[in-house]
Amino acid sequence: MVAIGGQIIYHLKNVHNFFILTLTGNDDHRLGPSLINSILKALSQVKAQASAGSVLITTSHGKFFSNGFDLPWALAAGSLSAALDRLNHIINIFKLVVAELLSLSMPTIAAITGHAAAAGFTLALSHDYLIMRRDRGVLYMRELDLGLTLPDYFMALFKSKTGSGLAMRNLILSGLKVRGEAAVRMGIVESAHHGQDDVVSAAVRLGDQLVGRNWDGEVYAEIRKSLYPEVSEVLGLPGKAISISKL
């Protein structure tokens, strides 16, 4: 468990290189400097302890998987220019989280047990597999409603992960709120389940299947980057030389 200011904000569990990262803290899990840096710290621990066959599941407690960037923290700076400086700082350091997940040497699963809004949706989409609730929780991009433009790596990620142009338009330009079954039909989410416990259980079952493949993590990461070349380029993730690990 990791605490900041006396508050536990995440818990990382490692059982035989099966990693479960749980966001705790307050209900919103807003992505400000403290939480973002804590996620980076957790991912650094995962990388240090990983071996062939490792898997990461990211989940959360409460109503929200994540309610996006910590805009109240940015606005508390006082002036507009200071608020923009804080927002740009969040955008820049969150880019590191997306890059770490896209280059992590193992399969990744987002177990979305509540709402995933804006940057929270982006956090979930940075994983290889998404599993969510059908009874509660939505995926949505609210930037138009808030009057915010999207960082370039957000757009590159959504182009890479959400399929059709129609889906992209509805998500980005209309702020469509997508629930579990609809997200499955759109090809964004792997499966939808009733209740928080069922979502996490489904993620663990999938994780068990992936662990059993015992894949070489370095090879997995390189193939993932080649699958999503546009977002990998925007994130500054260089490819490595072709390797053959099992022949």
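I started with S54, which sits in the loop between α1 (33–49) and β4 (55–60). Helices here are DSSP runs of H or I with at least four residues, strands are runs of E with at least two, and both are numbered from the N terminus.

I noted that this is a predicted model, where local features need pLDDT of at least 70, side-chain atom pairs count only at pLDDT 80 or more, and totals for chains, interfaces and linings use all residues. Residues are numbered from 1 along each chain as its sequence is written, and side-chain values use heavy atoms, without hydrogens or water.

Is S54 buried or exposed? S54 is buried because its relative accessibility is 2%. Buried means under 20% relative accessible area, exposed over 50%, and partly exposed in between (1.4 Å probe, protein chains only).

Next I looked up what the S54 side chain reaches. I found the backbone oxygen of S51 at 2.9 Å. I also found the backbone oxygen of N17 at 3.4 Å.

I then listed the contacts of S54 (heavy atoms within 4.5 Å). Leaving out residues up to four places away in sequence, S54 touches N17, F19, M106 and P107.

My second stop was A118, in the loop between β7 (115–117) and α4 (119–125). Its phi is near 50°, a positive value in a residue other than glycine. A118 is buried, at 5% relative accessible area.

N214 is not a glycine, yet its phi is positive, about 55°. With a relative accessible area of 41%, N214 is partly exposed.

Technical notes: A polar contact is a pair of N or O atoms within 3.5 Å; within protein, one must be able to donate a hydrogen and the other to accept it, and residues adjacent in sequence count only if both atoms are side-chain atoms.
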